[in-house]
Amino acid sequence: MAKKDNNIRTAFFLNLAFTVLEVTGGLISGSIAILADSLHDFADSLSLGAGWYFEKKSRKGSTDKYSYGYARFSLLGAMINALTLLLGSIYIVYASVERIINPQNPDAYWMLGISFLGIALNGIGVWKLKSGKSMNKQVMMIHLLEDALGWVAVLVGSIVMLLFDVPILDPILAIVINLTVLVFAMHKLVQALKILLQKVPKNINLPELRQKILCLDKVKDVEHLHIWSLTEEKAVVTAHVIVSDIRLLSDSSAIKEQIHAILSDIDTEHINIDLKSSD
């Protein structure tokens, strides 16, 4: 776990250091794509820092205040990251439209040099986070992947502007890059909201599970069968099961074991099965 935290920390400091260089290069070159991306990278740095904190926080165990532990803090980090990315992208598109209306010639040589550095540093960050499984880490990786791909576009654009007089290409690149970001960020934000709203995980067929439980011997009915995601990886299951002819504790244990077997394919954080007699 400590190694994964170090990966997020490394990505955070790389992004923050590059943001400082990017602001300097953007001011010198006069490139709206670079200046806009520097603001974007600054927001990314704040998001990565928040993601780093929430990822560590999410691994705390159960307490009297948070009985399920702090697992959803990682989800909170993902939402903050996605919202920051959305707001930053909207602003950059707005700034780029203004530059299309009033085009200016950026320094393509500065753009070329900074784009190589941007590809390298963001590429390292993506590599550090690529094995992360939590939604928080996935969103952070998308931040850095988007930045790396954006710098590839700036690299191509700067080469074109060195050969041809097309200053409008700079803001157009910024718009294309950030429209792509908006799609990614919206997708992750919707995923996070579905989990917060306790939607049944997409790989679970609730009616089918209910029917399997009803087919068990002595099970008469299933009430309040609820399955919801605690995080993007772990689910919580609760159910009230109406049974008949349960006289021994061993009978109750046997039915619960059969229900647990039916739910065994679900990666659960907690299962609570409450048996009620129909007699």
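1. Leaving aside neighbours within four places in sequence, Ser-229 is in contact (heavy atoms within 4.5 Å) with Arg-72, Ile-195, Lys-199, Pro-201, Lys-234 and Ala-235. Ser-229 belongs to strand E1; strands (E, at least two residues) and helices (H or I, at least four) are DSSP runs, numbered from the N terminus. Ser-229 counts as buried because its relative accessibility is 9%, the limit for buried being under 20% relative accessible area (1.4 Å probe, protein chains only).

2. The model is a predicted one, in which local features need pLDDT of at least 70 and side-chain atom pairs count only at pLDDT 80 or more, while totals for chains, interfaces and linings use all residues. Residues are numbered from 1 along each chain as its sequence is written, and side-chain values use heavy atoms, with hydrogens and water left out.

3. The largest nonpolar core has 22 residues; such a core is a set of buried Ala, Val, Leu, Ile, Met, Phe, Trp, Tyr and Cys residues joined through side-chain atoms within 4.5 Å. Two or more residues each come from helix H7 (206-214), strand E1 (219-229), strand E2 (235-243), helix H8 (249-262) and strand E3 (268-277). E2 gives the most, five residues.

4. Leu-263 is one of the members that touch the most others in this core. Beyond four places in sequence, Leu-263 touches Leu-209, Val-237, Ile-271 and Ile-273.

5. Helix H6 (residues 169-196) has 28 residues and should span 40 Å at 1.5 Å a residue, which agrees with the 41 Å between its end C-alpha atoms; the expected span is 1.5 Å times one less than the number of residues. After H6 comes Gln-198, with a positive phi near 60 degrees.

Note on methods:
Buried means under 20% relative accessible area, exposed over 50%, partly exposed in between (1.4 Å probe, protein chains only).
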